[in-house]
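Subject: Structure handover

Hello,

Here is the structure we talked about. Please open it next to this message; my notes follow below.

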Amino acid sequence: MQRVTPVPDLALDLPAEPAVLRGARHELGAWLTKAGATEQDVFVLQHALGELMTNAVEHAAAGEGSTVTVTASLTASGAIEAAVTDRGTWRAPSRQENRGRGLALTSQLVESLTVTHGTDGTVARIRQPLTRPARLLDMRDPPAPPEAPAAVEFRIVEQEGDDEAHVRVEGPLDATSASLAQRELLRRSRGGTVPLSVELSTVTHLSSAGVSALHHVAAQHTAQGAPLSLIASPGSPAQTILALVALLPSSYPQ
């Protein structure tokens with residue numbers, strides 16, 4: 001057993017604007033790294049809390065000047081307990097094609113998820129144990145925790161040969177970039193009428209909005225009868241999330 005200094009609790013007060021979500025995920029990742037979280041832990045919690053923050057910003061804000069609060073702490077038993085709080089009223093559930101995956105995705109990623117609605121707003125809470133490996137006791141001063149990786153900007157680039165039909169998506173495919181990605185992929189495939197190959201292994205964050213965009217592109221290709229190949233290496237963020245939502249990297253139409 002070794003005494004270590006506990007990481008201070010995380011507390012973020014965010015404007016209810018989509019533009020702040022990427023920065024908030026990056027701050028969360030840096031805090032988790034200091035807490036001793038593994039790369040897999042960071043992946044899970046960034047995606048889970050990212051979905052809850054997106055829901056709060058997009059659907060639960062109470063108007064101009066609204067804020068969303070994110071808190072997280074490391075419990076004595078080695079679990080992360082976090083909450084996303086808004087001060088608005090969530091919209092009544094509605095059937096929107098390719099939407100509504102956020103809470104379902106979050107519930108599959110973490111040990112527990114509870115959502116409490118009240119007159120002053122909504123609180124979504126999650127709990128997830130960390131999976132930190134045991135280490136041999138070292139009496140020397142512990143090394144400084146590693147820095148969280150720098151944020152990568154979203155972009156779509158052509159593969160070798162400048163062929164529009166073979167592209168690579170880089171960076172976060174989230175609520176901010178999903179619409180642009182959907183338009184750009186359909187532009188390159190002429191509305192789903194020509195074959196398209198999309199490499200997703202370099203996607204750093206795939207939110208439910210990004211999943212919806214890929215689902216829409218796949219549906220267009222299926223309707224037009226032109227092949228679409230979604231490619232993601234095993235263990236990559238895209239492969240992990242697409243497997244959870246049953247939109248596995250493969251070829252369309254099937």
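A cut-off to start with: a residue is buried under 20% relative accessible area, exposed over 50%, and partly exposed in between. Arg190 has a relative accessibility of 49%, so Arg190 counts as partly exposed. Please keep in mind that this is a predicted model.

The chain overall

The chain has 254 residues, and 44% of them count as buried. Its secondary structure comes to six helices and eleven strands. Among contacts with a separation of 6 or more, 70% join residues 24 or more positions apart. The accessible surface is about 13700 Å². Carbon and sulfur atoms hold 53% of that surface.

The core

The largest nonpolar core has 59 residues. Val198, Leu200 and Leu206 touch the most other members. Helix H2 gives the most to this core, with ten residues. In general, nonpolar side chains tend to be buried together in soluble globular proteins.

Leu206 deserves a look in the viewer. Beyond its neighbours within four places in sequence, Leu206 is in contact with His47, Leu173, Val211, Leu214, Ala238, Ile241 and Leu242. Of these, Ala238, Ile241 and Leu242 are buried residues of helix H6.

Helix H6

H6 runs over residues 237-244. Its buried residues are Pro237, Ala238, Ile241 and Leu242. They cover an arc of only 115° around the axis, so they lie on the same side of H6.

Just after H6, Ala246 takes a positive phi of about 60°.

Helix H5

H5 has 17 residues, which should span 24 Å at 1.5 Å a residue. Its end C-alpha atoms are 24 Å apart, so the length agrees. The buried residues of H5 are Ser208, Ala209, Gly210, Val211, Ser212, Ala213, Leu214, Val217, Ala218 and His221. Just after H5, Gly225 takes a positive phi of about 80°.

Pro227 sits in the loop between H5 and strand E10 (228-231). With a relative accessible area of 42%, Pro227 is partly exposed. Pro227 and Leu196 are 31 residues apart along the chain, yet their C-alpha atoms are separated by 6.5 Å.

- Arg188 has its place in helix H4. At 8% relative accessibility, Arg188 counts as buried. Its side chain makes a polar contact with the side chain of Glu158, at 3.2 Å.
- Ser189 is in the loop between H4 and E8. At 0% relative accessibility, Ser189 counts as buried. Leaving aside neighbours within four places in sequence, Ser189 is in contact with Val194, Leu196 and His221. His221 is one of the buried residues of H5.
- Arg190 is in the loop between helix H4 (178-188) and strand E8 (196-199). Its phi is near 55°, a positive value in a residue other than glycine. For comparison, most residues other than glycine have a negative phi.

Best wishes

How values were computed
Residues are numbered from 1 along each chain as its sequence is written. Side-chain values use heavy atoms; hydrogens and water are left out. Buried means under 20% relative accessible area, exposed over 50%, partly exposed in between (1.4 Å probe, protein chains only). Helices (H or I, at least four residues) and strands (E, at least two) are DSSP runs, numbered from the N terminus. The arc is that of the directions from the helix axis to the C-beta atoms. A nonpolar core is a set of buried Ala, Val, Leu, Ile, Met, Phe, Trp, Tyr and Cys residues joined through side-chain atoms within 4.5 Å. Contact means heavy atoms within 4.5 Å. Accessible areas come from the Shrake-Rupley method with a 1.4 Å probe; for residues, only the protein chains shown count as cover. The expected span of a helix is 1.5 Å times one less than its number of residues. A polar contact is a pair of N or O atoms within 3.5 Å; within protein, one must be able to donate a hydrogen and the other to accept it, and residues adjacent in sequence count only if both atoms are side-chain atoms.
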